[in-house]
Amino acid sequence: MTVSLGSLRLELPSRDQLAYLAGLGLLTAFDVIEWPIALAIAVGHELARSHRGKTLREFGDALEQA
């Protein structure tokens, strides 16, 4: 699913990915893991999921426009 906010276009993750991230958030909320570790896991998961660094390119484009 894609959401447009003005000139910014955001792609929401699939249900499986949302469930994964929600589980990671719950582990963090209940202090099973610390938030920096959860953040590193989430970023690593997203980078591994993105095809050929698509996320990094979009992030770089967004930084250039800012």
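Asp-31 sits in the loop between α1 and α2. Helices here are DSSP runs of H or I with at least four residues, and strands are E runs of at least two, numbered from the N terminus. The model is predicted, so local features need pLDDT of at least 70 and side-chain atom pairs count only at pLDDT 80 or more, while totals for chains, interfaces and linings use all residues. Residues are numbered from 1 along each chain as its sequence is written, and side-chain values use heavy atoms, with hydrogens and water left out.

The phi of Asp-31 is near 55 degrees, a positive value in a residue other than glycine. Most residues other than glycine have a negative phi, and most peptide bonds are trans. Asp-31 is also exposed, because its relative accessible area is 68%. The cut-offs are under 20% for buried, over 50% for exposed, and partly exposed in between, with a 1.4 Å probe and protein chains only.

Now take the helices on either side. Two packed helices are described by the angle between their axes and the distance between the axes. Helix α1 covers residues 15-29, and its axis lies 9 Å from that of α2, at an angle of about 165 degrees. That makes α1 roughly antiparallel to α2. The axes are lines fitted to C-alpha atoms, for helices over the stretch in contact, and angles run from 0 to 180 degrees between N-to-C directions. The crossing of α1 and α2 is right-handed.

Helix α1 contains Leu-21. Leu-21 is partly exposed, at 35% relative accessible area. From Leu-21 to Asp-61 the C-alpha separation is 25 Å, across 40 residues of sequence.

Helix α2 contains Ala-38. At 9% relative accessibility, Ala-38 is buried. Ala-38 and Gln-65 are 27 residues apart in sequence, and their C-alpha atoms are 29 Å apart in space.

What forms the nonpolar patch on the surface? Its members are Trp-35, Leu-39, Val-43, Leu-47 and Leu-56, with about 530 Å² of accessible area together. Helix α2 (residues 35-49) gives the largest share, 4 residues. Leu-47 belongs to helix α2, and its relative accessible area of 39% makes it partly exposed. Patch residues have over 30% relative accessible area and no salt bridge; nonpolar side chains (Val, Leu, Ile, Met, Phe, Trp, Tyr) are joined within 5 Å, like charges within 9 Å. Areas come from the Shrake-Rupley method with a 1.4 Å probe, and for residues only the protein chains shown count as cover.

The structure holds 1 salt bridge, meaning a side-chain nitrogen of Lys or Arg within 4 Å of a carboxyl oxygen of Asp or Glu. Arg-9 and Glu-11 form it, at 3.2 Å from N to O. Arg-9 is exposed at 54%, whereas Glu-11 is partly exposed at 44%.

How values were computed
Parallel < 35°, antiparallel > 145°, perpendicular 65-115°, else oblique. Left-handed = near helix turned anticlockwise from the far one by under 90°.
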